[in-house]
Amino acid sequence: MTAPTAGTTWSHPIWHRKWRIYVSDAPFISDAWYFVHDDFDDERDSRHGYAATVEEAREMIDDIDNWQPGDA
């Protein structure tokens with residue numbers, strides 16, 4: 001038996017620093033990838049999102065991580 005492919009589930013994600021990126025199973029979201037910070041608390045925690053590609057997810061994560069209070 002082979003190990004699951006990276007990015008197929010929450011427990012086998014593609015890692016980007018402390019963020020998990022994996023295939024979304026949400027039927028109401030057209031983007032294929034979900035990303036979430038490993039310390040994600042609940043729906044009020046803004047450290048999560050959806051992206052069309054893994055690269056787009058990484059870019060969005062970088063934007064979130066580089067955000068500073070006062071940024072527009």
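What follows is a set of questions and answers about this predicted model.

Q: What makes up the protein chain, and in which order do the elements run?
A: The protein chain has 1 helix and 4 strands, and from the N terminus on these elements run β-β-β-β-α.

Q: Why is His16 called buried?
A: The word is used for a relative accessible area under 20%, and His16, whose place is in strand E1 (residues 14-16), has a value of 14%, so it is buried.

Q: What makes the pair His16 and Asp62 a polar contact?
A: Such a contact needs N or O atoms within 3.5 Å, one able to donate a hydrogen and the other to accept it, and the side chains of His16 and Asp62 are joined by a polar contact of 3.0 Å. Leaving aside neighbours within four places in sequence, His16 is also in contact with Ile21, Arg58 and Ile61.

Q: Why is Ile64 called partly exposed, rather than buried or exposed?
A: Buried is kept for values under 20% and exposed for values over 50%; the relative accessible area of Ile64 is 30%, which lies between these limits, and therefore Ile64 is partly exposed. Ile64 lies in helix H1 (residues 54-66), and, not counting residues up to four places away in sequence, it touches Trp19 and Phe35. The C-alpha atoms of Ile64 and Ser46, which are 18 residues apart along the chain, are separated by 9.0 Å.

Q: How do you know that strand E3 is largely enclosed by the rest of the structure?
A: In strand E3 (residues 33-37), 5 of the 5 residues are buried, so the strand is largely enclosed. Both of its faces are covered, with Trp33, Phe35 and His37 buried on one side and Tyr34 and Val36 buried on the other.

Q: How do you know that E3 pairs with E2 and with E4?
A: At least two bridges are needed for two strands to pair. Strand E2 (residues 19-23) is joined to E3 by 5 bridges, and E3 is joined to strand E4 (residues 48-51) by 4 bridges, so both links meet the requirement. Both pairs run antiparallel.

Q: What makes a set of residues here a nonpolar core, and which residues form the largest one?
A: The members must be buried residues of listed kinds, among them Ala, Val, Ile, Phe and Trp, joined through side-chain atoms within 4.5 Å. The largest such core has 9 residues: Ile14, Trp19, Ile21, Trp33, Phe35, Ala51, Val54, Ala57 and Ile61. E2, E3 and H1 each supply at least two residues of this core, and its largest share, 3 residues, comes from H1. In soluble globular proteins, nonpolar side chains tend to be buried together.

Q: Which residues does Ile61 touch, not counting residues up to four places away in sequence?
A: Ile61 touches His16, Arg17, Trp19, Ile21 and Phe35. One of these, Arg17, lies in the loop between E1 and E2, and Arg17 has a positive phi of about 55° although it is not a glycine.

How values were computed. Residues numbered from 1 in each chain as written. Predicted model: local features only at pLDDT ≥ 70, side-chain atom pairs only at ≥ 80, totals over all residues. Heavy atoms only, no water. Buried < 20%, exposed > 50% of the residue type's maximum accessible area, 1.4 Å probe, protein only. Contact = heavy atoms within 4.5 Å.
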